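I'll jot down what I looked up, in the order I looked.

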Amino acid sequence: MNILIIPDSFKGSLTATEVSKTMKACVQEVFPKSRCIEMPFSDGGEGALSVLEKYAQGEIIHCTCTDAIKRPIKAPYFAFDDGKSVWIELSQTAGLTQLQPHERNPMITSTWGTGKMIQHALNNGFTKIFLGIGGSATHDLGTGIVAALGGRFLNQKGEILPLGGGALRYFNRLDRSTLDSKISQVQWVIACDVLNPLIGPEGAAHTYAQQKGASAQEIEQLEAASQHLALQIHQQTGVSIEKLEGGGAAGGVSAGLYGMLNARIRNGFELLSEKTPLKKTLQSVDLVLTGEGHFDSQSRFGKLPFQVAQLTLNKKIPTLIFAGKTSLIGNSFFPHIRVFQTTPKYMSLKDAMKNAQQNLEEKLYEVLSSLKK
C-alpha cells in the first residue's frame, strides 16, 4: 500500500515536518509493508519555503531586513531557477511568532521588513514576486511594504505617516514619485489561504487583530482606519478593496497590494501544488493522511486539509484528516474522507499543546489499527 503523508503544522505545538514524521512512524508500525511518501506541506503561508526548498527547482537566498518592529534580522526567501521569480514568505519578516507577547501591537507593527526583502529581490533582477501571507503580526494593509519600496504615505499636511495600522486613519495621499522604478516591471501574486474580506465582522480587524495584540478599542480603530484607507484608494485609483475575497488576510496586505500595486490574489495551496510534484505523486497512492492544528467549517475556505481532500476526491483516494481540535468529526462534507480529533475530549488547551505529539500518536494508532480489521 502506498500512503501519502501531507500534513500542515499544528501551529504552536508541532511543525509540519514533525507531524509528518510522527505519522510515518505510526504507519510503518501498523503497516510495516507499506510505502510512505512524506510531503509536509503548506497552504501558502508559514512553511512554504520549506516545501519549496525540498520539492521545487531553485535556491534559498538570505538577506538583511527587519522584523515587524524594525529590528534588524537576516531572513530567507526562495528564488526559482527561472531567474525571474521568487517566493517571499511574509511571516519571515513580519511574523507574529517573532515577537514576544508584550511586543505585539498591530497599531504600530508593520510589513516594512517584507518590503526590504522584496527590494533585495528586485535589486537582484527578479521581476515576479509570489508573496505568501499568513502568520503576520501586522494590520497595515501592506503600506509598510510600499513604504519600504519608496512610496510615501502622507497626511493632509503633507507629512509622512508613521508605520503601522493605527496611523492609516490619517492617510490622505500616496506619493508614488519616489517609488522604486523597477516596480513598474513587477508581476505581483499574493498567495492567500482565506476568503475573509478586509472590512466587516468577518474582516481583518474583527477576525485577526486580537491575536496580534489589539484591544477591543484598538480593533475598532483598526477597522475605521482600514475603511478610511480603502475609501482613499478607491477615490484615488478607482479600485475597490473593501469586499475583495481574501482581502482581509495578513492584516489586509492582499487588499492593499491589490489596490496599490495591482497584485493578483491566488490560492496558496494551488500555487504550491503547481510548483511541486504533488499532483503527480497522487497518481500512485492508495491512502492519504493529512491534518492541521484546528480544522473546522472555516477550514473549508482554503486550508490545507480541505484542499488535499478536494484533490483526492477526483481520484477517490481515501483521506484521513487528523486535527488537534475539530468540530467536523467523521464524514462531514466528502464521502472519501474521515476527520479525527487527536485531543482527548476533556483535556485543556494548555495540556493539549504540551502533549500534541503523544495525542497524535495515540489517535493514529487507534485509527490505523481499525483499518486492519
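First, my cut-offs: I call a residue buried when its relative accessible area is under 20%, exposed when it is over 50%, and partly exposed in between (1.4 Å probe, protein chains only). Helices (H or I, at least four residues) and strands (E, at least two) are DSSP runs, numbered from the N terminus.

What I'm looking at is a predicted model, where local features need pLDDT of at least 70 and side-chain atom pairs count only at pLDDT 80 or more, while totals for chains, interfaces and linings use all residues. Residues are numbered from 1 along each chain as its sequence is written, and side-chain values use heavy atoms, with hydrogens and water left out.

**Entry 1: strand β5**

I started with β5 (residues 85-89). Five of its five residues are buried, so the strand is largely enclosed by the rest of the structure. I checked which way they point: Ser 85, Trp 87 and Glu 89 go one way, Val 86 and Ile 88 the other.

Next I looked up the neighbours, counting two strands as paired if DSSP finds at least two bridges between them. β4 (residues 72-80) runs antiparallel to β5, with two bridges joining them. Opposite Trp 87 I found Phe 78. Four residues sit between the strands of this hairpin, and Gly 83 there has a positive phi near 75°. With β6, β5 pairs in the parallel sense over five bridges. Ser 85 has Lys 128 of β6 as its bridge partner.

**Entry 2: Ser 136**

Is Ser 136 buried or exposed? Its relative accessible area is 3%, so I noted it as buried. A polar atom of its side chain lies 3.5 Å from the backbone oxygen of Thr 138.

For contacts I used heavy atoms within 4.5 Å. Leaving out residues up to four places away in sequence, Ser 136 touches Leu 90, Ala 94, Gly 95, Leu 96, Lys 212, Ala 250 and Gly 251.

**Entry 3: cysteines**

How many disulfides does a search of the whole structure find? It finds zero, taking a disulfide as a pair of cysteine sulfur atoms within 2.5 Å. For Cys 26, the nearest cysteine sulfur is that of Cys 36, 10 Å away. Cys 65 is in no disulfide either; the sulfur of Cys 63 is its nearest, at 4.3 Å. I noted both as buried: Cys 26 has 1% relative accessibility, and Cys 65 has a relative accessible area of 4%.

**Entry 4: helix α7**

I then checked helix lengths, with the expected span being 1.5 Å times one less than the number of residues. α7 (residues 216-237) has 22 residues and should span 32 Å; its end C-alpha atoms are 31 Å apart, which agrees. Its buried residues include Ile 219, Leu 222, Ala 225, Leu 229 and Ile 233. They pack against α5 (143-148), α6 (204-208) and α8 (249-261). After the helix comes Gly 238, with a positive phi near 85°.

**Entry 5: helix α11 and Gln 307**

α11 (residues 304-315) has twelve residues and reaches 17 Å from first C-alpha to last, close to the expected 16 Å. Among its buried residues are Leu 304, Phe 306, Val 308 and Thr 312. Their cover includes β10 (264-267), α9 (268-275), β11 (287-295), β12 (319-326) and β13 (337-341). Just after α11, Lys 316 takes a positive phi of about 55°.

Gln 307 belongs to this helix and is buried, with a relative accessible area of 8%. Its side chain makes a polar contact of 3.4 Å with that of Asn 267. By polar contact I mean a pair of N or O atoms within 3.5 Å; within protein, one must be able to donate a hydrogen and the other to accept it, and residues adjacent in sequence count only if both atoms are side-chain atoms.

**Entry 6: helix α13**

Last, α13 (residues 356-372): its 17 residues should span 24 Å, and the end C-alpha atoms are 25 Å apart, which agrees. Buried here are Ala 356, Asn 359, Leu 360, Lys 363, Leu 364, Val 367 and Leu 368. They cover an arc of only 145° around the axis, which puts them on the same side of α13; the arc is that of the directions from the helix axis to the C-beta atoms. On the other side, Glu 366 and Lys 372 are exposed. The cover over the buried residues of α13 includes α1 (16-30), β11, β12, β13 and α12 (349-354).
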